[in-house]
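Below is a short report on how parts of one protein chain pack against each other. Look over the sequence and the model before reading on.

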Amino acid sequence: MDHTSLSPLAMFLNAGPVGKVVMASLLLASIWTWVLIIEATVAVVRIGKAAREARAGRPIGILEPIADAGREANALDIIDETVGDKRERVAENMSRAAREFLTKAEGGLPNLAVISSVAPFVGLFGTVWGIMTSFAGIAASQDTSLAVVAPGIAEALAATAYGLAAAIPASVGYNRIGASFARAGQQVAHYIEDEALRMTSAGAAARRQQKEAA
């Protein structure tokens with residue numbers, strides 16, 4: 001086996017059983033990280049687009065559950081409730097639905113946080129194991145030449161590289177996507193304010209017309 005190659009596949013094949021388990025785990029974590037990043041990015045783009053279209057009066061798409069919550073609250077008439085109180089109640093009902101919706105959409109973010117914090121330690125475990133392998137090789141061969149310790153050191157450094165490959169995208173993705181969800185949440189909040197005002201104002205105008213007609 002060529003120990004001089006720096007390709008990820010060669011480093012994996014040259015590693016021992018424990019090193020291979022560590023690298024395979026980190027490789028799966030890295031793939032999962034990118035899946036979560038792509039899913040979260042698509043979700044936050046769709047939410048932001050839907051919120052902008054809804055405020056512009058176009059179809060609201062994925063925000064329909066939030067609009068349904070508002071219509072349900074608006075349909076409920078409470079005796080002696082002012083228009084302002086009703087607007088607050090409608091907005092609060094929509095906000096609860098929005099929080100549930102955004103929580104589901106952000107489902108992958110905690111996993112990114114876990115990967116970003118755990119992956120370096122898993123890589124560190126592989127690093128320590130590789131160094132231990134090098135010392136074991138020295139003890140077994142009674143030789144301190146570089147040829148004896150090189151495979152273990154290479155395995156150790158490869159585990160570190162795999163750990164960073166998983167942790168860095170997860171950390172960046174968690175922070176950037178989290179900020180994007182915060183901005184999308186603000187857009188949804190603005191839509192809720194506008195929609196609650198529109199619903200209650202329309203209802204008040206309709207009731208006023210009914211009274212005038214009577």
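In this predicted model, helix α3 meets helix α4 through Pro65, Ile66, Ala67, Ala69, Gly70, Ala73 and Asn74 on the α3 side, and Lys86, Arg89, Val90, Asn93, Met94, Ala97, Ala98 and Phe101 on the α4 side. By type, the residues of this contact are 10 nonpolar, three polar and two charged.

How do the two helices lie relative to each other? Their axes come within 8 Å and cross at roughly 150°. Angles over 145 degrees count as roughly antiparallel, and α3 and α4 are therefore roughly antiparallel to each other. The crossing of α3 past α4 is right-handed.

Isoleucine 66 is one of the α3 residues in this contact. Leaving out residues up to four places away in sequence, isoleucine 66 touches Met94, Ala97, Ala98, Phe101, Val188, Tyr191 and Ile192.

The largest nonpolar core has 44 residues. Among those with the most contacts inside this core are Ile66, Phe181, Val188, Tyr191 and Ile192. Helices α2, α3, α4, α5 and α6 each supply at least two residues of this core, and α6 gives the most, with 14 residues.

| Helix | Residues |
|---|---|
| α2 | 17–55 |
| α3 | 64–75 |
| α4 | 83–105 |
| α5 | 109–141 |
| α6 | 146–213 |

Aspartate 194 also lies in α6. Its relative accessibility is 35%, so aspartate 194 counts as partly exposed. Aspartate 194 and alanine 54 are 140 residues apart along the chain, and their C-alpha atoms are separated by 9.5 Å.

Note on methods
Residues are numbered from 1 along each chain as its sequence is written. This is a predicted model: local features need pLDDT of at least 70, side-chain atom pairs count only at pLDDT 80 or more; totals for chains, interfaces and linings use all residues. Side-chain values use heavy atoms; hydrogens and water are left out. Axes are lines fitted to C-alpha atoms, for helices over the stretch in contact, and angles run from 0 to 180 degrees between N-to-C directions. Helices (H or I, at least four residues) and strands (E, at least two) are DSSP runs, numbered from the N terminus. Angles under 35 degrees count as roughly parallel, over 145 as roughly antiparallel, 65 to 115 as roughly perpendicular and the rest as oblique. A crossing is left-handed if the near helix is turned anticlockwise from the far one by less than a right angle, and right-handed if clockwise. Contact means heavy atoms within 4.5 Å. Ala, Val, Leu, Ile, Met, Phe, Trp, Tyr, Cys and Pro count as nonpolar, Asp, Glu, Lys and Arg as charged, and the others, Gly among them, as polar. Buried means under 20% relative accessible area, exposed over 50%, partly exposed in between (1.4 Å probe, protein chains only). A nonpolar core is a set of buried Ala, Val, Leu, Ile, Met, Phe, Trp, Tyr and Cys residues joined through side-chain atoms within 4.5 Å.
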